[in-house]
Every structure is written in C-alpha cells, then in structure tokens.
Amino acid sequence: MKNLPNLLTISRIFLSIFLLVFILYGDVLLPHWVDRSWVNYFSCLIFCLASLTDFFDGYIARNYNSKSIFGEVFDPLADKMLILSAFVGLLVAGRANAWAVYIILSREFFITGLRVIVAGSGKKIAANMLGKYKTGFQILAIAFLLADFFPGGNILLWIATFATLYSGCDYAISYYKSMK
C-alpha cells in the first residue's frame with residue numbers, strides 16, 4: 001500500500017501521454033468502421049480514468065500515511081501533464097478556447113514557480129479547497145469538451161478559467177503573507 005500512490009501518479013503520467021496520442025491519432029488507432037465520435041468518448045474515458053488516479057493517490061497517501069517526497073514532487077507534475085495533454089488535444093481539435101487554455105496553463109506554471117520558491121525557503125503553503133474546486137471545474141470542463149456531446153463545454157471552460165484565476169490569486173496572497 002505504501003507505493004500505491006506513487007504507482008498511481010506514474011500511471012497518470014503514462015495515461016496523459018496516451019490521452020494525447022489517442023486524441024491526435026484516434027482515427028488511425030480505431031478500426032475504420034468505428035464512428036469518429038468514439039474517439040471522443042474513449043478520450044473522455046481515458047481522461048476521467050486518469051483524473052480518478054489523482055483522487056485515489058491523494059486519498060491513499062493521506063489515509064494510509066503513504067506520503068513521499070516522490071509523491072509531493074511528481075503528483076502535481078502528473079496533474080499538469082494530464083491537463084496539458086487534454087488542452088493540447090482540444091486545441092488541435094478546435095474544441096477549446098485558446099485564451100481560456102492560455103490563462104489556465106499560465107496560472108498553473110506561475111503557481112508551480114511559487115511552490116518551488118516556497119519549498120526552497122523551507123516553508124509550506126498547503127493546498128486549500130479552492131484548489132480542489134479549481135481542479136474539479138477543470139476536469140468537468142475538459143471531460144465535456146473531450147466527449148463533445150454538450151454544447152456548453154466552452155461555458156464550463158470559462159467557469160473553470162475563473163475558478164483557476166481566483167484560486168491562483170488566493171495562493172499568491174498566501175505566498176505573499178508567508179514571506180513576511
């Protein structure tokens with residue numbers, strides 16, 4: 001049980017790669033008689049499965065005292081890789097607004113930079129519920145955009161963008177306060 005969270009994190013990294021490959025080349029990977037819409041559904045399924053590994057690795061690590069340095073470093077990186085692969089695929093497919101994706105990814109890189117600075121100073125800023133809500137909105141928006149069966153997918157994307165910016169501001173304020 002001690003290594004299971006790390007294995008789930010590693011599996012998320014591989015699933016993020018597979019997700020992008022499937023979004024970009026799903027037409028070639030599936031038999032010709034399978035409708036194109038199944039590429040969307042399988043992409044959504046891969047993404048949702050990978051997102052579940054994020055939930056379970058954190059749950060297991062916290063509840064079974066299986067936290068590790070590897071998990072602290074690679075869990076957020078695996079999350080970013082998953083979100084990045086989904087957004088790149090959605091942009092190539094023309095299903096996501098480029099500005100929303102840019103804002104979300106810029107925030108993620110900015111906060112990752114702040115986390116590195118905080119870690120280097122020996123301090124810690126714990127993730128809060130805003131970050132969890134942000135992640136939930138991003139996952140929901142991406143899943144709907146990947147499946148491509150809900151016309152409001154881009155509305156969900158903008159809601160996720162707002163939640164992402166709001167949680168990023170909150171984290172930046174927490175960072176500023178911790179450095180005083």
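## Basis of the values

In this predicted model, local features need pLDDT of at least 70 and side-chain atom pairs count only at pLDDT 80 or more, while totals for chains, interfaces and linings use all residues. Residues are numbered from 1 along each chain as its sequence is written, and side-chain values use heavy atoms, with hydrogens and water left out.

## The largest pocket

The largest pocket holds about 1,800 Å³ of space, where a pocket is an open set of points on a 1 Å grid over the protein atoms alone, with protein on both sides within 12 Å along at least five of seven lines, and the volume is the space filled by probe spheres set on the points. Its lining, meaning residues with an atom within 4 Å of a point, comprises 50 residues, of which E72, D75, P76, R115 and A127 lie nearest the centre.

Two or more lining residues come from each of α1 (4-29), α2 (37-63), α3 (69-93), α4 (98-120), α5 (129-147) and α6 (153-178), helices being DSSP runs of H or I with at least four residues, numbered from the N terminus. The largest share, 10 residues, is given by α3. By class, the lining has 19 nonpolar, 15 polar and 16 charged residues, with Ala, Val, Leu, Ile, Met, Phe, Trp, Tyr, Cys and Pro counted as nonpolar, Asp, Glu, Lys and Arg as charged, and the others, Gly among them, as polar.

## Packing of α1 with α3

The axes of α1 and α3, lines fitted to C-alpha atoms over the stretch in contact, lie 9 Å apart at an angle of about 10°. That makes the two helices roughly parallel, a term for angles under 35 degrees between N-to-C directions on a scale from 0 to 180. Their contact has 14 nonpolar, 6 polar and 3 charged residues.

## Aromatic pairs

The whole structure has 11 aromatic pairs, counted where ring centres of Phe, Tyr or Trp (its six-membered ring) lie within 6.5 Å. F18 is partly exposed, at 40% relative accessible area, whereas F22 is buried at 6%; buried means under 20%, exposed over 50% and partly exposed in between, with a 1.4 Å probe and protein chains only.

The pair of F144 and F149 is also tilted, with centres 5.7 Å apart and planes at 55°. F144 is partly exposed at 22%, and F149 is exposed at 53%. F18 and F22 also belong to one aromatic cluster with W38, Y41 and F42.

Definitions and conventions
1 Å grid on protein atoms, 1.4 Å probe; cavity = no way out; pocket = protein on both sides within 12 Å on 5 of 7 lines; lining within 4 Å. Parallel < 35°, antiparallel > 145°, perpendicular 65-115°, else oblique. Phe/Tyr/Trp six-rings, centres within 6.5 Å; stacked < 30°, edge-to-face > 60°.
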